[in-house]
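Here's a quick briefing to read alongside the model. Have the structure open and follow along, topic by topic.

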Amino acid sequence: MNFDENYDMNSEDDIERGRDNGVWADTTTQPNRYDDFLEGLHGRVDYQEGQEIDVLDVGCSEGVAAEYFASELEEEYGVDVNVVGLDVDEGSVEKASERLDEAHHGMAQDIDFDQNDFDIV
């Protein structure tokens, strides 16, 4: 299925249809998508305890996975993680704003951040 041809991200009906058809992951399983990434960080990063790490989660949905990722980084490295989420679904962004430091409504190609604003994207 070609996502761009079949879904209008400005249409609430298409957003709901995308959820119903499994285009978007079930938020209860999303934290698992970071496990491999977290495992890959071991021995490759030199974070200092108390260091601030800025993370951008593009396609954050309701912020469940990013919240999990931040808590794992904080626990493993003793860092302070600030998470900014971006998603096309306004309802998801509203819920993500309750979990993350910031949540923005928009599309990835329209990101208005500087190149060096984030340590992890």
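A salt bridge here is a side-chain nitrogen of Lys or Arg within 4 Å of a carboxyl oxygen of Asp or Glu. With that rule, Arg 99 pairs up with Glu 67, their closest N and O atoms being 3.4 Å apart. Keep in mind that this is a predicted model: local features need pLDDT of at least 70, side-chain atom pairs count only at pLDDT 80 or more, and totals for chains, interfaces and linings use all residues. Residues are numbered from 1 along each chain as its sequence is written, and side-chain values use heavy atoms, with hydrogens and water left out.

**Salt bridges**

- The count comes to 2 salt bridges.
- Arg 99 sits in helix H5 and Glu 67 in helix H4, so their bridge ties together parts that are 32 residues apart in sequence. (Helices, H or I with at least four residues, and strands, E with at least two, are DSSP runs numbered from the N terminus.)
- Arg 99 counts as partly exposed at 36% relative accessibility, and Glu 67 is partly exposed with 38%. (Buried means under 20% relative accessible area, exposed over 50%, and partly exposed in between, using a 1.4 Å probe and protein chains only.)
- Glu 62 bridges to Lys 95, with the closest N and O atoms 3.7 Å apart.
- That pair also links distant parts of the chain: Glu 62 is in the loop between S1 and H4, and Lys 95 is in helix H5, 33 residues apart.
- Glu 62 counts as buried at 18% relative accessibility, while Lys 95, at 42%, counts as partly exposed.

**Helix H5**

- Which residues of H5 are buried? In this helix, residues 90-99, they are Ser 92, Val 93 and Ala 96.
- These cover an arc of only 100° around the axis, which puts them on the same side of H5. (The arc is that of the directions from the helix axis to the C-beta atoms.)
- Glu 94 and Glu 98 are exposed on the other side of H5.
- As background, an α-helix has 3.6 residues a turn, so residues three or four places apart point the same way.

**Asp 87**

- Asp 87 belongs to strand S2, residues 80-87, and counts as buried at 7% relative accessibility.
- A polar atom of the Asp 87 side chain lies 3.4 Å from the backbone nitrogen of Cys 60.
- Beyond its neighbours within four places in sequence, Asp 87 is in contact (heavy atoms within 4.5 Å) with residues including Ser 92 and Val 93, as well as Gly 59, Cys 60 and His 104.

**Nonpolar core**

- The largest nonpolar core has 17 residues, and Leu 73 and Val 81 have the most contacts inside it. (Such a core is a set of buried Ala, Val, Leu, Ile, Met, Phe, Trp, Tyr and Cys residues joined through side-chain atoms within 4.5 Å.)
- Helix H3 (35-41), strand S1 (52-58), helix H4 (64-77) and S2 each give two or more residues to this core.
- H4 gives the most, with 5 residues.
- Not counting residues up to four places away in sequence, Val 81 touches Ile 53, Val 55, Ala 70, Leu 73, Glu 74 and Asp 101.

**Aromatic pairs**

- There are 2 aromatic pairs. (Rings of Phe, Tyr and Trp, the latter by its six-membered ring, pair if their centres lie within 6.5 Å; planes under 30 degrees apart count as stacked, over 60 as edge-to-face and the rest as tilted.)
- Tyr 47 and Tyr 77 pair edge-to-face, at 5.4 Å centre to centre and 85° between the planes.
- Tyr 47 lies in the loop between H3 and S1 and Tyr 77 in helix H4, so the pair ties together parts that are 30 residues apart in sequence.
- Both Tyr 47 and Tyr 77 are buried.

Terms used: A polar contact is a pair of N or O atoms within 3.5 Å; within protein, one must be able to donate a hydrogen and the other to accept it, and residues adjacent in sequence count only if both atoms are side-chain atoms.
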